[in-house]
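Here's a quick briefing for anyone meeting this structure for the first time. Take a look at it, then read on.

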Amino acid sequence: MKTKEIMELETKDLAERIEESVAKYNQMKFNHHVTPLENPSLIKAARRDIARMKTVLRQRELNK
């Protein structure tokens with residue numbers, strides 16, 4: 001997910017998206033430990049997307 005797309009989301013939607021992404025990320029990590037994923041770089045991409053979303057959310061909190 002691009003930063004521009006994240007900026008367009010409302011704060012409430014962004015918080016929900018973060019929760020969903022974290023759950024999906026944890027599930028991917030667990031599945032990868034049990035049976036290796038076909039494309040393990042998806043874990044890295046998910047982690048970075050979560051970081052981007054958390055950064056935008058934090059910026060919004062500080063600007064209020």
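A residue is called buried when its relative accessible area is under 20%, exposed when that area is over 50%, and partly exposed in between (1.4 Å probe, protein chains only). What you're looking at is a predicted model, where local features need pLDDT of at least 70, side-chain atom pairs count only at pLDDT 80 or more, and totals for chains, interfaces and linings use all residues. Numbering starts from 1 along each chain as its sequence is written, and side-chain values use heavy atoms, with hydrogens and water left out.

**Overall layout**
- The chain has three helices and zero strands, where helices (H or I, at least four residues) and strands (E, at least two) are DSSP runs numbered from the N terminus.
- Reading from the N terminus, the order is simply α-α-α.
- Along the principal axes, the C-alpha atoms fill a box of roughly 45 × 15 × 15 Å.
- Take the contacts (heavy atoms within 4.5 Å) with a separation of 6 or more: 65% of them join residues 24 or more positions apart.

**Surface and charge**
- Of the 64 residues in the chain, 22% are buried.
- The chain exposes about 5,200 Å², with 52% of that coming from carbon and sulfur atoms; accessible areas come from the Shrake-Rupley method with a 1.4 Å probe, and for residues only the protein chains shown count as cover.
- There are 14 positive and 10 negative side chains, and the centres of the two sets sit 7 Å apart.
- Lys and Arg count as positive and Asp and Glu as negative, while His and the chain ends are not counted; each charge is placed at NZ of Lys, CZ of Arg, CG of Asp or CD of Glu.

**The largest pocket**
- A pocket is an open set of points on a 1 Å grid over the protein atoms alone, where a 1.4 Å probe fits and protein lies on both sides within 12 Å along at least five of seven lines; lining residues have an atom within 4 Å of a point.
- The lining of the largest pocket includes Met-1, Arg-17, Ser-21, Ile-50 and Met-53.
- Helices α2 (11-34) and α3 (41-63) each supply at least two residues of that lining.

- Ser-21 belongs to helix α2, and it counts as buried because its relative accessibility is 19%.
- Leaving aside residues up to four places away in sequence, Ser-21 touches Ile-50 and Met-53.
- Lys-54 is in helix α3, and its relative accessible area of 47% makes Lys-54 partly exposed.
- Lys-54 and Glu-16 are 38 residues apart along the chain, and their C-alpha atoms are separated by 11 Å.
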